[in-house]
Amino acid sequence: MRVSSSIPDAPPAELRFRRRISVVESARELWRAREFVRALFERQLRARYKQAFLGFAWAIIPPLIFMVVLTTFVQHAVNIPTGGIPYPLFSYVALVPWTFFSSAVSGGANSIVTSLDVMNKMYVPREVFPISTVLSTGVDALISLLGLGILFGVYSFAPKPTSVWVPLLFLIQLALTLGIVFIMSSLVVYFRDLRYAMSVILQLGLFATPILYGIDRVPQSLRLVYSLINPLAPVIDGYRRVVILGQDPAWGLLLPSAVVSFAVLVLGFRLFKRLETGFSDIA
Amino acid sequence: MRRGGIVVDRVWKRFRADRRRTLLRDELERLMARLHDEQRGWTWALRDVSFTAEPGDSIGIVGRNGSGKTTLLRLLAGVMYPYAGRVELYGKLGTLINMSAGLHPDLTGQENIYIQGSLIGLKRKEIARRFDEIVAFAELENAIRRQVKFYSSGMMLRLGFSTAAFLDPDVLLVDEVLAAGDAAFQQKCLDRTRDKILSGTTLVFVSHDLQSVEGMCRKGIWLRDGVIEAAGSVREAVGEYRDWVEKLEIGYRERLRRDGTARIVKMQVTGPEGNGSRSGELLEIRAVVESPESTEGALYMGVSEGPSRPIFVLQHDISLRHGETEARCVIPHLPLPRGRFYVWVGFFGKSGQEYLPWQPATEFDVSGPDLHPTPQGIVRLAPVQVPTAWEVGPP
């Protein structure tokens with residue numbers, strides 16, 4: 001049976017492979033792969049802390065050191081109004097969610113590239129890799145909350161009752177984080193040098209987000225535009241308001257930010273599913 | 001289609017032909033190139049490939065390096081998508097592809113088993129239930145709590161295979177992965193794979209070891225530059241591939257020929273009464289060697305199937321005279337099946353001096369019956385025809 005002579009140069013157009021991507025089917029696949037997500041999540045945690053002498057303390061040390069540096073230098077150099085709140089508390093409550101965001105994005109962006117060999121072995125929905133990276137970064141964030149507890153003790157300060165809004169704020173933050181991680185992790189496969197650009201952007205983000213300062217330092221007229229461009233800003237500011245200042249979130253800024261965040265999640269997921277078809281070809 | 005079936009329908013797959021670097025700059029260049037000509041910068045890895053497998057089939061895929069075998073396997077595994085055409089695979093899939101990939105060096109063997117197990121879809125409880133079996137099969141009892149980065153490559157392979165081997169897939173894809181293990185473990189893996197076929201699993205087997213393919217599979221596909229060149233029974237497909245490879249190897253044999261002080265003047269292989277050689281009958285090999293001096297030494301004659309698969313070597317102490325010497329070797333009952341074989345010759349002095357380097361000298365065809373058929377999955381069969389007399393009856 002010889003057929004090679006009759007083969008055209010290119011396949012007829014009607015034969016082209018088209019992949020149909022349905023959100024429902026993707027969600028079902030993801031649910032079936034939950035055991036693997038869990039194993040990956042555990043693997044990341046174990047691998048991260050197994051070799052480290054101080055173990056889980058590494059989750060809490062970076063934001064803590066950063067807070068000390070900020071307190072010593074920034075606070076003394078530029079006097080930032082904190083509304084009577086001790087500056088370490090003022091900055092740390094924003095540093096915890098920021099550290100989660102920035103390490104989830106930088107870790108998540110590499111999650112596909114570093115897992116290409118596993119991916120070429122067996123089919124699993126590709127989104128398990130960024131998702132498990134974000135989850136394991138979340139554990140770090142939980143651990144670094146201990147630092148907040150210590151600060152509460154030191155300044156004999158109790159979180160305000162408005163802290164009930166924290167889960168909502170976290171949901172918005174998670175949506176934005178996952179969305180950006182989906183976008184970055186799939187783009188990095190095709191454009192490896194985006195990784196370097198990203199670390200610069202994240203460094204800028206530290207200053208472009210109200211972490212060292214309150215959002216009230218931004219002129220009133222620009223705040224809405226600011227929140228739309230940096231949807232994380234009202235969220236980080238929200239944490240500070242509800243936990244420390246005892247105020248409700250600034251709804252006028254938070255709602256637009258929530259809309260943008262969920263839009264980023266949906267678009268990010270669609271882009272990811274669109275690009276994942278070619279992941280293995282690049283590897 | 002029932003569980004275990006495979007449909008591959010007119011599949012095309014292409015890759016970038018350029019450096020494959022993926023920096024922003026490269027992608028921009030490609031974008032510009034694409035505006036001019038859509039097909040440029042791509043090469044086809046597979047063209048118009050179609051085949052189907054029924055549940056329980058065993059298909060061997062052969063071909064040279066770069067002919068698209070691994071790409072086809074990856075398409076079947078669902079980790080790659082075709083450019084055109086349709087790939088469908090029914091039932092639970094097991095793959096033995098690239099087995100030490102995905103092992104995490106900082107974690108212990110035990111932790112890696114759980115990760116690998118969950119990757120192929122096993123529940124935590126199921127893995128725990130089979131854990132001892134997996135460790136025993138991998139022969140890693142003493143090392144399972146050690147970090148994988150301290151494993152040898154053979155240990156990693158064993159860990160990978162054992163984890164994959166203990167699920168019950170409907171379709172099993174096996175790439176050339178066993179080559180790294182030692183002989184005993186390879187045999188164990190092949191036995192395990194054979195058990196799977198016998199219990200009704202569909203097998204797709206990619207290998208350069210044509211013997212394993214012939215032993216393991218009933219159907220064969222020969223891929224050549226991404227195109228199915230031959231498909232059918234494993235003997236037909238692999239046979240055609242072997243013939244084609246042998247034609248390529250003629251040039252290779254010429255290059256193998258080396259000079260020594262002595263040289264072959266004439267080489268003749270004849271069957272009974274000067275006719276062609278036949279299985280089980282007399283064969284005579286005549287070699288005329290010319291030497292510039294008279295020497296004592298050992299004459300070696302070997303027979304191989306293809307240039308690279310030796311079957312037997314004969315040795316005889318002789319003395320070469322100044323000038324030409326004729327050596328005749330008679331094999332009363334030729335123990336070879338039908339096929340094409342090569343004769344190798346060498347002459348070495350008492351203390352190992354190389355007078356006539358070991359080299360292929362000629363080839364001959366044997367007519368006669370094929371080898372007796374073997375039960376499926378018995379591999380590593382040597383192409384030797386043994387004369388037999390059978391008696392069957394009450395003891």
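## About the model

This is a predicted model: local features need pLDDT of at least 70, side-chain atom pairs count only at pLDDT 80 or more, and totals for chains, interfaces and linings use all residues. Residues are numbered from 1 along each chain as its sequence is written, chains are lettered from A and ligands numbered from 1 in the order written, and side-chain values use heavy atoms, with hydrogens and water left out.

## The α6/α7 pair in chain A

Helix α6 (residues 128-154) of chain A packs against helix α7 (residues 166-190) of chain A at about 135 degrees, with 10 Å between their axes. Helices here are DSSP runs (H or I, at least four residues), as are strands (E, at least two), numbered from the N terminus. Axes are lines fitted to C-alpha atoms, for helices over the stretch in contact, and angles run from 0 to 180 degrees between N-to-C directions.

So α6(A) is oblique to α7(A); oblique is what remains once angles under 35 degrees (roughly parallel), over 145 (roughly antiparallel) and 65 to 115 (roughly perpendicular) are taken out.

On the α6(A) side, the contact (heavy atoms within 4.5 Å) is made by Pro130(A), Ile131(A) and Val134(A), and α7(A) brings Leu174(A), Leu178(A), Val181(A), Phe182(A) and Ser185(A).

## Two aspartates with positive phi in chain B

Asp48(B) isn't a glycine, yet its phi is positive, near 50 degrees. You'll find Asp48(B) in strand β2 (residues 42-53) of chain B.

Asp225(B), also not a glycine, has a positive phi of about 50 degrees. Asp225(B) lies in the chain B loop between β8 (219-224) and β9 (227-233).
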